[in-house]
Amino acid sequence: MELGERIRRARENFPGGKMSQEALAEMVGVTRGAVSQWELGGIADISALNLYNLSLALRVDFVQLLTGKTRKITEGEMTF
């Protein structure tokens, strides 16, 4: 699965109900169009900061969002 698809799935499976692209964009500090482009695979212009902010807004692990792979959380590490 590609990064754009992982972003879309995380947004659509947000705890408490599907989050709109507009709501996600507002939380990350970008336009709805940027979120739409990312979900469609236009990720060449996505910054590491925006990826990190996406992970926080979507309440998903940054590494899992970026790579699609789960990782073991060590004791004392923050989780969402």
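This is a predicted model: local features need pLDDT of at least 70, side-chain atom pairs count only at pLDDT 80 or more; totals for chains, interfaces and linings use all residues.
I began with the outward side of α2, where E22 and E26 are exposed.

**Entry: the inward side of α2**

Which residues of helix α2 are buried? I took the helix as residues 21–28 and found Q21, L24, A25 and V28. They cover an arc of only 100° around the axis, so they sit on the same side of α2. I remembered a rule that fits here. An α-helix has 3.6 residues a turn, so residues three or four places apart point the same way.

Next I asked what the buried residues of α2 pack against. I got three helices: α1 (3–12), α3 (32–39) and α4 (48–58). I also checked what follows α2, and that is G29, with a positive phi near 90°.

**Entry: α2 meets α3**

I looked at how the two helices cross. The axes of α2 and α3 come within 8 Å, with a crossing angle of roughly 110°. That makes α2 roughly perpendicular to α3. Sorting the residues of this contact gave me five nonpolar, two polar and three charged. On the α2 side I listed Q21, E22, L24, A25 and V28, and on the α3 side R32, V35, S36, W38 and E39.

**Entry: a look at A25**

Is A25 buried or exposed? A25 is buried, because its relative accessible area is 2%, and the cut-off for buried is under 20%. A25 belongs to helix α2. Skipping residues up to four places away in sequence, I found A25 touching V30, T31, R32 and V35. I also checked A25 against L54, which is 29 residues apart from A25 along the chain, and their C-alpha atoms are separated by 8.8 Å.

**Entry: a look at W38**

W38 is in helix α3. W38 is buried as well, with a relative accessible area of 2%. What does W38 contact, leaving aside neighbours within four places in sequence? I wrote down G4, I7, V28, V30, I43, D45, I46, N50 and L54. I then picked L3, which is 35 residues apart from W38 along the chain, and their C-alpha atoms are separated by 8.1 Å.

**Entry: the nonpolar core**

I went on to the largest nonpolar core, which has 16 residues. The ones with the most contacts inside this core are I7, L24, V28, W38, L54 and L58. Where do the residues of this core come from? Each of α1, α2, α3 and α4 supplies at least two, and α4 gives the largest share, four residues.

Not counting residues up to four places away in sequence, L58 touches I7, A10, R11, F14, M19 and L24. Two of these names, I7 and L24, are also on the core list.

**Entry: the whole chain**

Last, I stepped back. The chain has five helices and zero strands, and reading along the sequence I get α-α-α-α-α. How many of the residues count as buried? The figure is 31% of the 80 residues. I also looked at contacts between residues at least 6 apart in sequence, and 44% of them join residues at least 24 apart.

Terms used
Residues are numbered from 1 along each chain as its sequence is written. Side-chain values use heavy atoms; hydrogens and water are left out. Buried means under 20% relative accessible area, exposed over 50%, partly exposed in between (1.4 Å probe, protein chains only). The arc is that of the directions from the helix axis to the C-beta atoms. Contact means heavy atoms within 4.5 Å. Axes are lines fitted to C-alpha atoms, for helices over the stretch in contact, and angles run from 0 to 180 degrees between N-to-C directions. Angles under 35 degrees count as roughly parallel, over 145 as roughly antiparallel, 65 to 115 as roughly perpendicular and the rest as oblique. Ala, Val, Leu, Ile, Met, Phe, Trp, Tyr, Cys and Pro count as nonpolar, Asp, Glu, Lys and Arg as charged, and the others, Gly among them, as polar. A nonpolar core is a set of buried Ala, Val, Leu, Ile, Met, Phe, Trp, Tyr and Cys residues joined through side-chain atoms within 4.5 Å.
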